[in-house]
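Please keep the sequence and the structure in view while reading.

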Amino acid sequence: MHEPRAAEKDTPYWWEASPLKPLPQQTVPKKLDVLIVGAGYAGLSAGLVLAREGRSVAAFDAMNPGEGASTRNGGITSGTIRPDYATITRRFGEEKAQAIEAEGKIAREFLYDFIKTEGLACDFQLVGQFKGAFGYEQYETMARSAETLAKRLRIESYAVPYAEQRSYTGTDVYRGGTVRLDIGGLHPAKFHAELLRVALASGVAVHARTPVISIERDGSGFGVVTSAGSVQARQVLVCTNGYTDGAVPFLRRRLVPVRSRIIATEELAPDVMARLMPKRMMMTENRQVGFYYRPSPDGTRILLGGRDSSRVGNPVAPKLMLRKGLANLFPELESVRLSHSWFGNVAMNRDMLPRIFEKDGVVYASGFCGSGVVWAPWIGMHAAHKLMGNHERARTAFDFRPPASIPLYRGDPWFMPAMIWGYRMQDRFALWRDRR
Ligand SMILES: Cc1cc2nc3c(=O)[nH]c(=O)nc-3n(C[C@H](O)[C@H](O)[C@H](O)COP(=O)(O)OP(=O)(O)OC[C@H]3O[C@@H](n4cnc5c(N)ncnc54)[C@H](O)[C@@H]3O)c2cc1C
């Protein structure tokens, strides 16, 4: 195994074609209809809707807009809901489970339509997604789920047996898999840059590198202190997701930031790409702590991501773990050079469901659990309608109670490395049982 080389960049591959836009500092307004905290996909999508409906709206971001997860992600339009149908039914009832499942399909279609109608140049390709099974029993269960998905939601999905797997992937690690054709990939930083472009053009004021420090009730509105001055806002929307800090303590106790890391290979020869990723699909695995990977939008390299159990600094071990994972999938890439390796925070909550909720008059849109490419624009858009009192257009299955707080947790996820280790053990046990 090669040591990572100094030439590798620790910044997202995506920033090469779409660097962060350092917006000029601007004067903070005295009054606003709506103040949004966070200018990622969720904050900008909400701002766009509000500005087009004539509200004075500003989004404040502690970093450059997009510097959170929205320009660091894998760009896979999965719209995944982590808990399975049976678990959601047990917790919230059959009706809610059906509504949540159905909304995934609508949210994905909304995103594709939004990209098209707004003319967002973000390299979106509806190529489909392959999910690999690690054992034949697992494959059988997944094949049944693909059938159910096709029947219940009319989503084009089917099983791929081991014997046919090679026409989908160059790895032999899986024992077959399933395909969904309603999932694709986009260039996440271009998508964010384009969203920023239309938001600014619609009248959203975006304050870069201007953290919100506190939010207090003030009469019928809110007094918001930012690093550049105070604002009176009639309404406040919090879209800070995996980067939530002490300015919003209520959310901080309920969302766990978890690092996710991606490595990008250097350019690979066209025949290698054709062998390893023959259909250029988005790729995922059926395990708790699996890898997700995809070709770059130009089809010249592979980007592979997974959980990073580090919590501080930028240690080498998680990068090596992904490198090892890549070599395990594709042994011919064992000594490939990596051009980039970076991480960002995803936000998990206890029931693993994204949501809109309101607490003490402040509206929150968060908890995207690593699937915010679809969910953040969708939930952001609905949060905007909720703020405007457009009840019909605000209707979503994801508008419900705040996530539960996490015992002994105040914002430092000290337990995460142990939890990820536990999940890996469960994966190993499942694999052992299936292959015995
Ligand atoms: C490595 C990685 C891979 C991923 N891959 C995928 C994928 O393939 N598909 C998918 O669907 N999802 C993926 N995700 C998840 C997806 O990127 C996120 O769910 C989505 O970007 C969330 O958008 P957001 O607007 O809610 O939050 P973010 O984009 O994270 O924005 C939150 C913003 O809030 C700001 N903020 C925080 N506190 C304050 C404050 N006090 N004042 C002002 N601003 C503040 C931050 O600076 C930040 O910019 C991935 C995430 C990561 C990190």
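Leaving aside its neighbours within four places in sequence, with which residues is Phe-357 in contact? In this predicted model, Phe-357 is in contact with Tyr-364, Phe-400, Arg-401 and Pro-402 once those sequence neighbours are set aside. Phe-357 lies in strand S15, which covers residues 355-359, and Phe-357 counts as buried because 21 other C-beta atoms lie within 10 Å, where the cut-off for a buried residue is 20 or more. Between the C-alpha atoms of Phe-357 and Arg-91, which are 266 residues apart along the chain, the separation is 18 Å.

The ligand is surrounded by 44 residues, of which the closest are Gly-40, Gly-68, Gly-74, Gly-344 and Gly-372.

The most is given by H10, with four residues, and by class the shell consists of 20 nonpolar, 20 polar and four charged residues.

Turning to the helix pair, the axes of H3 (residues 85-92) and H4 (residues 94-118) come within 7 Å and cross at roughly 135°, and the two helices are therefore oblique to each other. Their crossing is right-handed. On the H3 side Tyr-85, Ile-88, Thr-89 and Phe-92 take part, meeting Glu-94, Lys-96, Ala-97, Ile-100 and Glu-101 in H4; the residues of this contact comprise five nonpolar, one polar and three charged.

Notes
Residues numbered from 1 in each chain as written. Predicted model: local features only at pLDDT ≥ 70, side-chain atom pairs only at ≥ 80, totals over all residues. Axes fitted to C-alpha atoms, helices over the stretch in contact; angles between N-to-C directions. Parallel < 35°, antiparallel > 145°, perpendicular 65-115°, else oblique. Left-handed = near helix turned anticlockwise from the far one by under 90°. Contact = placed C-beta atoms within 7 Å. Nonpolar A, V, L, I, M, F, W, Y, C, P; charged D, E, K, R; others polar. Near = placed C-beta within 6 Å. Buried ≥ 20, exposed ≤ 12 C-beta atoms within 10 Å, placed from the backbone.
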